[in-house]
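Subject: Structure handover

Hello,

Here is the structure I promised to pass on. Please open it first, then read my notes below.

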Amino acid sequence: MSSEKIIQHSEAAAKFNKDVERVNWHDETLWFVRAKRDKSAHQIADWELLRETASQIKFNVLSNIHDYLVEFEANAQRNGIIVHWAADAKEHNEIVHSIMAKHDVKQMVKSKSMLTEECHLNDYLAEKGIEVIDSDLGEYIVQLRKEPPSHIVLPAIHLKKEDVSETFHEHLGTEKGNFNPQYLTESARQSLRNTFLTRKVALTGVNFAVAETGEFVVCTNEGNADMGAHLADVHIACMGFEKLIPKREHLGVFLRLLARSATGQPITTFSSHFKKPRDGKEMHILIVDNGRSTQLGREDFRNSLKCIRCGACMNTCPVYRRSGGHSYHNAVAGPIGSILAPNLDMSKNADLPFASTLCGSCTNVCPVKIDIHDQLYKWRQVLVKEGHTPKAKTVAMKTMATVLANPTVFNIAGKSGRFVMKNIPGMVNNKMNKWYDQREMPDVPEESFREWYKKNSRESKEKGNE
Amino acid sequence: MSSKGEILKRIKANQPQLVSELPDLNLLGSEQFDVLETYKTVLKGIGGDPVEVADYNEIINYIKSNYNLEKRLITTLPELSEIASLDWKTVDPHSLQDVELTVVKAHFGVAENSGLWVTDDILGQRVAPFIAQYLAIIVHKKDLVPTMQQAYDRIGKMEYGFGTFIAGPSKTADIEQSLVLGAHGARGLIVFLLD
Ligand code: SF4
């Protein structure tokens, strides 16, 4: 276990929870997005068939990924794209830097890429004296505030317009106290337009890469990926290897699902297919592993690699909505982030699979049908077994397992529990009991369900015999 | 740096033994609806303006009365040479920064999401539809397909260096989920639906 002190999800969430009004607002804002997703999904007669189809395509990808990657590389190279492979975050960052160095360029404009967040590319390049400007408005806002994004699709969802106004006043000189989103967006537009026009290197993420054609697709609403890539001399695109799909025609399935699941839009404003560089310009693609091949080998968790990063599972998650993306201390927050993070570092992220009610809402909205809540449950067992959970939780989980596995012990435990809660409530309703932290303990029932059932089933049997 | 071999080796060792079959896409895209009406409704819903026109003359008149012709208007369509310039396809793309309106023609449109499929051969320059303050795209009514399933059937093996679906004007909702049109690209999108 690493010795550095890591802020646990519950601690970070507790901090976020101090501002009750803001928490309620955060909760409602995300629920609003979730509701838009529902409305949009219900308008498509084929919705469930689409989800099933997408899921099957992704299963096919996972079982064929080796060959698809080889196919993709060959086709991309034939198209004139330069392909790189990075085993981990460090190598990813080094490759990006080497391309910058080769062109002797010290500035980059970047469009949204959660992978570069995962690799901490910005920090790395800053150390090398390279200035990176994030051009997605939400990312631009959090970058100015020196914060990480708190959501994979809506990076600044945790901020109010007053916060943005303050930030822009400080960095862009906008009018103090002007909270108008139109005005604020316009100021960012002007400032970023200048950036697009002066950068020689643009970096984008990748939403889908097509093995059959060697092209890749980048989806944005703002058009920032396109502004960057079409004006720069060098376009660098970074992708986790799981972004691959077999054929171009499969894009039809995923593009129908992605934006509808993310924000309820019928499609993102721009779904750009990059196949070849412009004449005389360079296009690079980085294929990154960074733990993905390990996850592929974990049978219980490999399905998490089907994720298309729509964010629907976050918007619907009652824990995410009330704890905020930053409490997950990982590039990808929410339910799916809590599955991906322990793969990267079990000891650092052992708390995350516990940041869930296991209500299953995430699984129900996932457009590629990942068994999200089941995987969270499985991670808990793995983490406890491997000794990565805090002592109290480990003891509680192990005790629970013993109690649940043994009917006699369960019976006695129930009886004594009820006795204690009724006669010595202070023993339960105290700070030591984490469950009591935010809750009123219930009144104690006179008898257990088991006792009630025994009696009633006898009664009903007797009735049945009458 | 030769991580390729290592990565591929690990993937091969860790991927599932049994290969899952690809699903049948022909089961999809059978939804029935009025294609033109749906197209217009969806486009309006995402901030674009559908304008039905009979011919290029109507387009010219519409542009004349709605845009400032003294500003820089560019197009790839010779039919519009009266109002927009045609000689910008080989200039430095950065020099398009003062363009007020770009007018191009789409291969086809998609009713379910109002997306218009354009590729670099009909864009003149890749950045042209993004860098302009306003964008107008022409599409024949007969070239509207119902869903993305038909869209990719139509694209098939088409060759292009760059292609994109454009659905509505550039937009953002990153500030408290308030929708603002005109993030970095066009502030408005007119779609001329041609008979
Ligand atoms: S796990 Fe599913 S719902 Fe969550 S982001 Fe990924 S694709 Fe979307």
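Start with chain A. Buried residues account for 58% of its 466 residues. Keep in mind that this is a predicted model. Chain A holds 20 helices and 10 strands. Its accessible surface comes to about 19,800 Å². Carbon and sulfur atoms supply 53% of that surface. I also looked at contacts in chain A between residues at least 6 apart in sequence. Of these, 73% join residues at least 24 apart.

Next, a buried helix. Look at α7 of chain A, residues 137–144. Seven of its eight residues are buried, so the helix is largely enclosed by the rest of the structure. The buried ones are L137(A), G138(A), E139(A), Y140(A), I141(A), V142(A) and L144(A). What do the buried residues of α7(A) pack against? Within chain A, the partners are α5 (114–118), β3 (131–134), α8 (161–172) and α9 (181–198). Chain B contributes β9 (171–172).

Now the surface of chain A. F449(A), W452(A) and Y453(A) form a nonpolar patch there. Together they have about 390 Å² of accessible area. F449(A) belongs to helix α20, which covers residues 449–465 of chain A. Is F449(A) buried or exposed? F449(A) counts as exposed, because its relative accessibility is 61% and the cut-off for exposed is over 50%.

On to chain B. Five strands make an open sheet here, in the order β1-β11-β6-β3-β2. The pairing is parallel. Which strands sit at the edges? They are β1 (49–53) and β2 (72–75) of chain B, and each pairs on one side only. From one strand to the next, the twist averages 20 degrees.

A helix packs on this sheet. It is α3 of chain B, residues 56–66. Helix α3(B) touches β1, β2, β3 (99–105), β6 (134–140) and β11 of chain B. The direction of α3(B) makes about 155 degrees with that of β11(B).

β1(B) pairs with β11(B), residues 188–194, in the parallel sense. Five bridges join the two strands. To locate one, find D49(B): its bridge partner in β11(B) is I190(B).

That is the tour. Over to you.

Best wishes

Notes: Residues are numbered from 1 along each chain as its sequence is written. Chains are lettered from A and ligands numbered from 1 in the order in which they are written. This is a predicted model: local features need pLDDT of at least 70, side-chain atom pairs count only at pLDDT 80 or more; totals for chains, interfaces and linings use all residues. Side-chain values use heavy atoms; hydrogens and water are left out. Two strands pair if DSSP finds at least two bridges between them. Helices (H or I, at least four residues) and strands (E, at least two) are DSSP runs, numbered from the N terminus. Axes are lines fitted to C-alpha atoms, for helices over the stretch in contact, and angles run from 0 to 180 degrees between N-to-C directions. Contact means heavy atoms within 4.5 Å. Patches are made of residues with over 30% relative accessible area and no salt bridge: like charges are joined within 9 Å, nonpolar side chains (Val, Leu, Ile, Met, Phe, Trp, Tyr) within 5 Å. Accessible areas come from the Shrake-Rupley method with a 1.4 Å probe; for residues, only the protein chains shown count as cover. A salt bridge is a side-chain nitrogen of Lys or Arg within 4 Å of a carboxyl oxygen of Asp or Glu. Buried means under 20% relative accessible area, exposed over 50%, partly exposed in between (1.4 Å probe, protein chains only).
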